[in-house]
Amino acid sequence: MKCIVGLGNPGKKYEKTRHNVGFMIIDELAKQNHWTVSQEKFKGLFTIEHVNGEKILLLKPQTYMNLSGDSLRMFMDYYDIDEEDVLVIYDDLDLPPGKIRLRQKGGHGGHNGIRSIIDQLGTKEFKRLRVGVGRASVPMSVVDYVLGTFDKDQQGPVSEAVTQSVKACESWMERPFNEVMNEFNAN
């Protein structure tokens, strides 16, 4: 069983914001595989699919970013998902727009969605796919930046990052995570 969680904020208002890149990747992964992430429960939207006989669960917490761990904890408890089978996708200010990085574990790096997940799971031992959104080129608060939409010059790189992230998720459905990490972090 593998659980792929994309972080973001619910509602049209946040749809195309930097903070919602996790939702964008889940939506694109579902679209490419003709899946629909529409079941509502556990304070989230989800689907359960099967790939090569393995259960694949996609989750988009609908709790707002700062409480993402609430949804994931309920989901994991209900479906008896181990931390080692979870991949969380989220935006990262410290990576340039369009760059992706996969990691086996780590801290929250100031990301409130990841902080919530660490608090709820009681561990930092879960897989991550970080998607670069860069930092503001003009003085502004972090909140205003991540809740803003991508600049024109960021849209191409971010679109490519979404594509690469979908490929990485699909690779993880068939291969060990360390192999996927080595392949996609090399770019």
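This is a dialogue on how some labels for this predicted model were reached.

Reader: What makes the strands an open sheet, and in what order do they come?
Author: The sheet has 7 strands, in the order β2-β3-β4-β1-β5-β7-β6. The pairing is mixed. β2 and β6 stand at the edges with a single partner strand each, so one side of each lacks a neighbour in the sheet. On average, neighbouring strands are turned by 25° against each other, direction ignored.

Reader: How do you know that β2 and β3 pair?
Author: Pairing needs at least two bridges. β2 and β3 have 3 bridges, in the antiparallel sense. They therefore count as paired. One of the opposite positions is Gln39, which faces Phe46 in β3.

Reader: What joins β3 to β4, and in which direction do they run?
Author: There are 8 bridges between β3 and strand β4 (residues 54-61). The two run antiparallel. The cut-off is at least two bridges, so this is a pair as well. His50 has Lys55 of β4 as its bridge partner.

Reader: How many bridges join β5 to β7, and are the strands parallel or antiparallel?
Author: Strand β5 (residues 86-92) and strand β7 (residues 127-132) are joined by 6 bridges and run parallel. Leu87 stands opposite Lys127 in β7.

Reader: Why is β3 called largely enclosed?
Author: Buried means under 20% relative accessible area. In β3, 6 of the 8 residues are buried, so the strand is largely enclosed by the rest of the structure.

Reader: What stands out about the backbone of Phe42?
Author: Phe42 has a positive phi of about 60°, although it is not a glycine. Its place is the loop between β2 (39-41) and β3 (44-51). That hairpin has 2 residues between the strands. Lys43 lies in the loop between β2 and β3 too. Lys43 also has a positive phi, about 55°, and is not a glycine.

Reader: Which residue takes a positive phi in the hairpin of β3 and β4?
Author: Asn52 does, with a value near 50°. This hairpin has 2 residues between the strands.

Reader: Why is Gln104 placed in its accessibility class?
Author: Gln104 has 34% relative accessibility. Buried is under 20% and exposed is over 50%, with partly exposed in between. So Gln104 counts as partly exposed.

Reader: Where does Gln104 lie, and what does it touch?
Author: Gln104 is in the loop between β6 (100-103) and α3. Leaving out residues up to four places away in sequence, it touches Glu125, Phe126, Lys127, Phe177, Asn178 and Met181. Phe177 is 73 residues from Gln104 along the chain, yet their C-alpha atoms are separated by 8.0 Å.

Reader: Why is α1 called oblique to α5?
Author: The axes of α1 and helix α5 (residues 152-172) cross at roughly 60° and come within 9 Å. Roughly perpendicular starts at 65 degrees, and roughly parallel is under 35. So α1 is oblique to α5. This crossing is right-handed.

Reader: What makes up the contact of α1 with α5?
Author: α1 gives Val21, Met24, Ile25, Glu28, Leu29 and Gln32. α5 gives Val158, Val162, Ser165, Val166, Cys169 and Glu170. By class, the contact has 8 nonpolar, 2 polar and 2 charged residues.

Definitions and conventions
Residues numbered from 1 in each chain as written. Predicted model: local features only at pLDDT ≥ 70, side-chain atom pairs only at ≥ 80, totals over all residues. Heavy atoms only, no water. Helix = DSSP H or I, 4+ residues; strand = E, 2+ residues; numbered from the N terminus. Buried < 20%, exposed > 50% of the residue type's maximum accessible area, 1.4 Å probe, protein only. Contact = heavy atoms within 4.5 Å. Axes fitted to C-alpha atoms, helices over the stretch in contact; angles between N-to-C directions. Parallel < 35°, antiparallel > 145°, perpendicular 65-115°, else oblique. Left-handed = near helix turned anticlockwise from the far one by under 90°. Nonpolar A, V, L, I, M, F, W, Y, C, P; charged D, E, K, R; others polar.
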